[in-house]
Each structure stands twice: as C-alpha cells, then as structure tokens.
Amino acid sequence: MSWGTELWDQFDNLEKHTQWGIDILEKYIKFVKERTEIELSYAKQLRNLSKKYQPKKNSKEEEEYKYTSCKAFISTLNETNDYAGQHEVISENMTSHIIGDLARYIQELKQERKSNFHDGRKAQQHIETCWKQLESSKRRFERDCKEADRAQQYFEKMDADINVTKADVEKARQQAQIRHQMAEDSKADYSSILQKFNHEQHEYYHTHIPNIFQKIQEMEERRIVKIGESMKTYAEVDRQVIPIIGKCLDGIVKAAESIDEKNDSQLVIEAYKSGFEPPGDIEFEDYTQPMKRTVSDNSLSNSRGEGKLELKFGGKSKGKLWPFIKKNKGATPEDFSNLPPEQRRKKLQQKVDELNKEIQKEMDQRDAITKMKDVYLKNPQMGDPASLDHKLAEVSQNIEKLRLETQKFEAWLAEVEGRLPARSEQARRQSGLYDSQNPPTVNNCAQDRESPDGSYTEEQSQESEVKVLATDFDDEFDDEEPLPAIGTCKALYTFEGQNEGTISVVEGETLYVIEEDKGDGWTRIRRNEDEEGYVPTSYVEVYLDKNAKGAKTYI
C-alpha cells in the first residue's frame with residue numbers, strides 16, 4: 001500500500017489532506033492549552049477556597065479549632081490545598097511535554113511538507129515541459145508530411161502535363177524531394193523526442209512521484225503517530241498525579257476518622273464549666289405575717305443593709321443565684337475574677353505558662369549575652385565587654401519583673417485551686433492600702449471578685465452562709481424611709497459601678513455614708529435620695545458623725 005502507486009494522480013488532494021492534518025494537530029495543541037488554563041484556574045480557585053476558610057491567626061476563631069471535628073476540617077483544607085498543587089503539576093507537565101513538544105514538531109512538519117510538495121511541483125513542471133516539446137515536434141512532423149505530400153502531388157501533376165516545360169517539371173521534382181527530406185527529418189526528431197518523453201514520463205510516474213508521495217505518506221504517518229503519542233502523554237500526565245491525589249483523599253478520610261465526639265464533648269465541658277453548684281431550692285416567704293420594722297440604727301442598718309449585703313455577698317446564695325445574676329461587662333480584671341472558678345483557673349494557668357516562657361526567653365538571652373561577654377573578655381579585639389553590661393542589667397531587670405508578675409499570678413492560681421486559704425478580712429483591708437498606692441487595675445480585680453452582684457469568687461465566710469433574708473418587701477419600703485446618713489466620705493479614686501448594687505463615683509466627690517464596711521470591703525453610700533449603692537472601702541475616705549447616731553438624714 002503506497003500513495004505513490006495508488007494515488008499517483010492525486011497530487012492536489014494529497015496537498016489538501018496534509019494541510020488538514022496540520023490543522024488537526026494545531027487544533028489538538030489548542031485543546032491541550034485550554035485544558036492547562038482550566039487546570040491552573042481550578043487550582044487557583046481551590047487554593048483561594050482553602051485559604052478563605054483557614055482560621056485567622058491570633059483570633060477567637062483559631063481557639064475554636066481545638067475540637068477534633070475542626071482539626072479534621074483544617075486537615076481537609078490543607079489536603080485540598082495539596083490537591084490544588086497537583087492540578088498545577090498537570091498544567092505544567094502538559095505545557096512542557098505536549099504543547100512545547102508539538103509546537104516544535106509542527107514547525108518541522110510544515111517545513112518538510114513544503115519541501116516535498118516543492119519537489120512534486122518541480123517534477124510536474126518538468127514532465128509538462130517534455131510534453132510540450134513532444135507536441136511541438138509532433139505538429140512539425142505532421143506539417144512537414146503534409147507539405148511533402150502536396151509537393152509530390154504537384155510534381156506528378158507537372159510531369160503528366162505535356163504543356164509544361166522540362167525545366168518546370170525538374171523544379172517541381174526537386175521541390176518534392178526537399179519537402180520529403182524535411183518530413184523525414186521531422187519524423188526522426190519527433191521519434192527522438194517521443195522516446196525521450198516516454199522515458200521521462202516513465203520516470204515521473206514510476207520513480208519521481210512515488211518517491212515524493214512516499215515521503216509525504218511517511219510524513220503524514222509520523223504526524224498521526226505523534227498525535228497518538230501526545231494523547232498517551234496527556235493521559236499519563238493525569239495518571240502520574242493520581243497516587244498523590246489519592247494520598248490527599250486518604251488524608252481527608254483519615255482526618256474524618258480521627259474525629260472523636262466524646263473528646264469534643266469533654267472540651268466543651270472544659271471550655272464552659274463554671275465550677276459552681278446548681279442553684280438550691282428557693283425558700284417560701286410568708287407574707288401573711290405582719291412585718292415589724294423598727295426605726296433604730298440597728299434595725300435600719302442590719303435588717304436592710306445586712307439583708308441586702310447577704311443577698312449580694314452571701315457565698316451560698318451566690319452559688320444558688322449564679323445563673324440569674326447579671327455578669328460584669330466592664331474591662332477584664334487582671335486576675336480574671338470576672339470568670340467562673342474553672343475558667344478563671346484555666347486563664348491564670350495560661351497566663352503563668354506565658355510568663356514562664358517569657359522568663360525562659362529572657363534567660364536564654366541573658367546566657368547568650370554572658371557568653372558573648374566572656375568571648376570579649378578573652379578576645380578584647382572582638383569587642384568591649386563593658387558595652388554589654390547595660391544590656392545584661394536590662395535583661396536581668398526584665399527577668400525580675402517577670403518573676404514578680406509570675407508570683408502574683410501563681411498566688412491567684414493557688415487561691416483558686418485551694419492550695420492557699422482565701423483572703424481574710426484583714427488581708428482585704430490591707431489590700432485597700434495597696435490599692436490606694438497602685439490604682440486602679442488591681443483594685444478593680446478586688447472589687448470584681450467581691451462585687452455586690454455576686455460575681456465569681458470562691459470566698460465564703462461564715463457570715464455569707466447566713467440565709468438570705470431580703471425580700472420584695474425591702475423594695476416596697478425603699479422609697480418610704482431612706483436610711484439615715486451616719487457620716488460623709490470623699491472619693492479617693494474614680495470608681496465605675498458597673499455591677500448591680502454598686503454606684504459610680506468620681507475622684508474628689510463628697511457623698512453621704514449610710515452604712516459602714518461590715519468586713520467585706522464595701523461601704524454603702526448615697527449621692528441623693530435616688531442614687532445610693534456600694535463602693536470599695538479602699539476607694540473612699542470615711543468621716544463618721546459619731547454624734548448623729550442616725551439622726552442626720554439626707555434630704
């Protein structure tokens with residue numbers, strides 16, 4: 001099967017067919033190129049998708065990813081990102097192994113095709129030239145033969161005519177001989193050219209054209225083989241990344257299988273456990289008994305003041321009323337006393353760990369500076385040892401500050417964990433002196449921990465164990481007989497009363513005292529008949545009116 005023998009007369013069709021083959025190859029290259037663009041676009045979208053759902057660093061969202069289900073989701077995002085990378089590999093390999101290779105091949109193919117058809121056209125032109133020569137020789141031979149026949153007929157006519165002179169007959173005879181010789185010459189020339197043409201034609205159809213068409217056939221078959229190899233490469237490029245994609249998918253499955261619902265449930269307990277006991281039964285309040293109220297200082301201060309203090313401060317009642325008490329929404333105190341015990345313990349432990357890491361970091365820096373100083377001492381040309389003294393002193397000072405800070409948080413942590421007894425009344429009052437010297441951060445912690453709204457604390461005194469006696473009757477009589485003022489006070493610091501039962505004061509403000517500190521660190525004051533509440537005792541300077549004994553009432 002050869003194009004040279006089977007398609008010897010289909011030069012133009014072969015030219016069209018080979019051009020179509022090149023067009024097909026270029027179309028395939030364009031297809032692969034668009035596929036690589038799709039792979040790159042898909043990979044980019046997958047990477048953006050994975051990045052979009054990654055938790056932000058140092059955010060609350062990042063803390064939520066401690067659950068196994070969230071960790072599995074993070075693994076899924078990471079595997080998706082790796083999965084996207086494999087699509088980038090597909091695009092790169094297709095570009096280099098298929099598009100680049102075919103682009104070079106198609107240039108060579110076009111050049112080879114051009115050369116082969118140029119040789120074919122050259123052979124066609126040669127045979128056409130030989131054919132024209134043959135036709136010309138044939139026509140000349142035909143013409144000379146006709147001329148010779150006419151000359152012979154004329155001679156015979158002249159020879160038969162008795163009226164024609166002998167000279168005219170001789171002239172006609174000579175002319176006939178000349179024409180006959182010319183016909184013989186034309187015959188010989190035509191015969192020679194014909195033989196030559198037949199030889200050239202034989203060479204053309206049995207040698208030149210078959211050879212040229214064979215080259216074109218081989219060229220076309222190589223093109224077909226090449227496009228087939230490219231299609232195999234196209235599949236292999238995909239096949240090569242299948243194991244890695246399989247590993248990505250296996251990673252997602254493994255992450256899904258690592259999800260532990262029991263562990264996540266335990267983490268929820270650790271995250272939100274308050275450490276408080278559930279509220280107890282609410283006692284029955286009998287409104288059928290007539291309420292006897294005395295007007296003495298003791299009844300006013302004890303029944304009203306202490307009753308409300310027990311409602312606010314009572315350790316047992318705090319445990320019972322915990323779910324219904326309004327939380328402090330102010331600034332977070334340094335000792336995290338606004339948190340439930342369990343959460344507070346975790347925060348304090350976390351703070352201690354962070355401080356220990358900072359201490360270790362500073363100690364490593366100090367050791368490095370010390371070693372450098374030793375090197376300078378041994379090799380003065382490398383540097384002045386004294387130049388490091390200031391830095392060394394600064395680092396040592398930082399370490400000492402961090403250790404003091406750590407001790408403070410460890411003390412709070414020990415108090416929460418029960419390793420140390422809760423602060424006594426004397427310690428509370430002494431803390432007021434420290435608070436006055438270092439306002440207001442630590443003081444806020446103290447007031448938050450012991451605030452009248454029953455904020456989170458573990459301190460329980462015997463006094464706080466007394467049953468809560470405050471009832472709705474207190475509110476009914478609040479507006480009828482306000483407590484008498486027993487003195488005045490001056491605010492030493494500004495206090496933001498954000499909790500229920502407290503009152504805000506401004507530094508330097510003078511107010512009325514209507515109830516002394518009962519040992520809990522709080523003093524009850526009044527601004528006017530509509531504004532009264534509790535402030536930390538350490539925030540005010542109290543001036544009691546000993547002669548008033550409750551007779552001096554605020555108007």
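Here are some notes on this predicted model, going from the overall picture to single helices, ring pairs and a few residues.

1. Ground rules. Because the model is predicted, local features need pLDDT of at least 70 and side-chain atom pairs count only at pLDDT 80 or more, while totals for chains, interfaces and linings use all residues. Residues are numbered from 1 along each chain as its sequence is written, and side-chain values use heavy atoms, with hydrogens and water left out.

2. Overall picture. The protein has 13 helices and 5 strands; these are DSSP runs numbered from the N terminus, with helices being H or I of at least four residues and strands E of at least two. Of the 555 residues in the protein, 36% are buried. Buried here means under 20% relative accessible area, exposed means over 50%, and partly exposed is in between (1.4 Å probe, protein chains only).

3. Surface and contacts. Take the contacts between residues at least 6 apart in sequence: 76% of them join residues at least 24 apart. A contact is a pair of heavy atoms within 4.5 Å.

4. Helix α6. The 12 residues of α6 (residues 261-272) should span 16 Å at 1.5 Å a residue, and the end C-alpha atoms are 17 Å apart, which agrees. The expected span is 1.5 Å times one less than the number of residues. Asp264, Leu267 and Ala271 are buried in this helix. Seen down the axis of α6, the buried residues fall within an arc of 55 degrees, so they line one face of the helix; the arc is that of the directions from the helix axis to the C-beta atoms. What do the buried residues of α6 pack against? They pack against α4 (68-160) and α9 (341-378).

5. The start of α6. Asp260 caps the N-terminal end of the helix, with a side-chain oxygen 3.1 Å from the backbone nitrogen of Lys262. For reference, a polar contact is a pair of N or O atoms within 3.5 Å; within protein, one must be able to donate a hydrogen and the other to accept it, and residues adjacent in sequence count only if both atoms are side-chain atoms.

6. For the 29 residues of α10 (residues 389-417), 1.5 Å a residue should give a span of 42 Å, and the end C-alpha atoms are 41 Å apart, which agrees. Its buried residues include Leu392, Phe409, Trp412 and Leu413. Just after α10, Gly418 takes a positive phi of about 85 degrees. Arg344 is in helix α9 and is buried, at a relative accessible area of 4%. Arg344 and Leu413 are 69 residues apart along the chain, yet their C-alpha atoms are separated by 8.4 Å.

7. Aromatic pairs. The structure holds 13 of these. Tyr28 and Phe31 form a tilted one, 6.0 Å centre to centre with 35 degrees between the planes. Rings of Phe, Tyr and Trp (its six-membered ring) pair if their centres lie within 6.5 Å; planes under 30 degrees apart count as stacked, over 60 as edge-to-face and the rest as tilted. Both Tyr28 and Phe31 lie in helix α2 (residues 11-52), 3 residues apart, about one turn of the helix. Tyr28 is buried at 9% relative accessible area, whereas Phe31 is partly exposed at 41%.

8. A pair between helices. The rings of Trp131 and Phe197 have centres 5.3 Å apart and planes at 50 degrees, so this pair is tilted too. Trp131 lies in α4 and Phe197 in α5 (residues 166-257), so the pair ties together parts that are 66 residues apart in sequence. Trp131 is partly exposed at 41% relative accessibility, and Phe197 is buried at 5%. Elsewhere, Tyr493, Phe495, Trp522 and Tyr539 form one aromatic cluster.

9. His87 sits in helix α4 and counts as buried at 8% relative accessibility. Leaving aside neighbours within four places in sequence, His87 is in contact with Glu39, Tyr42, Ala43 and Leu46. Asn93 is also found in α4 and is buried, at 18% relative accessible area. Not counting residues up to four places away in sequence, Asn93 touches Ile98, Val237 and Gln240.
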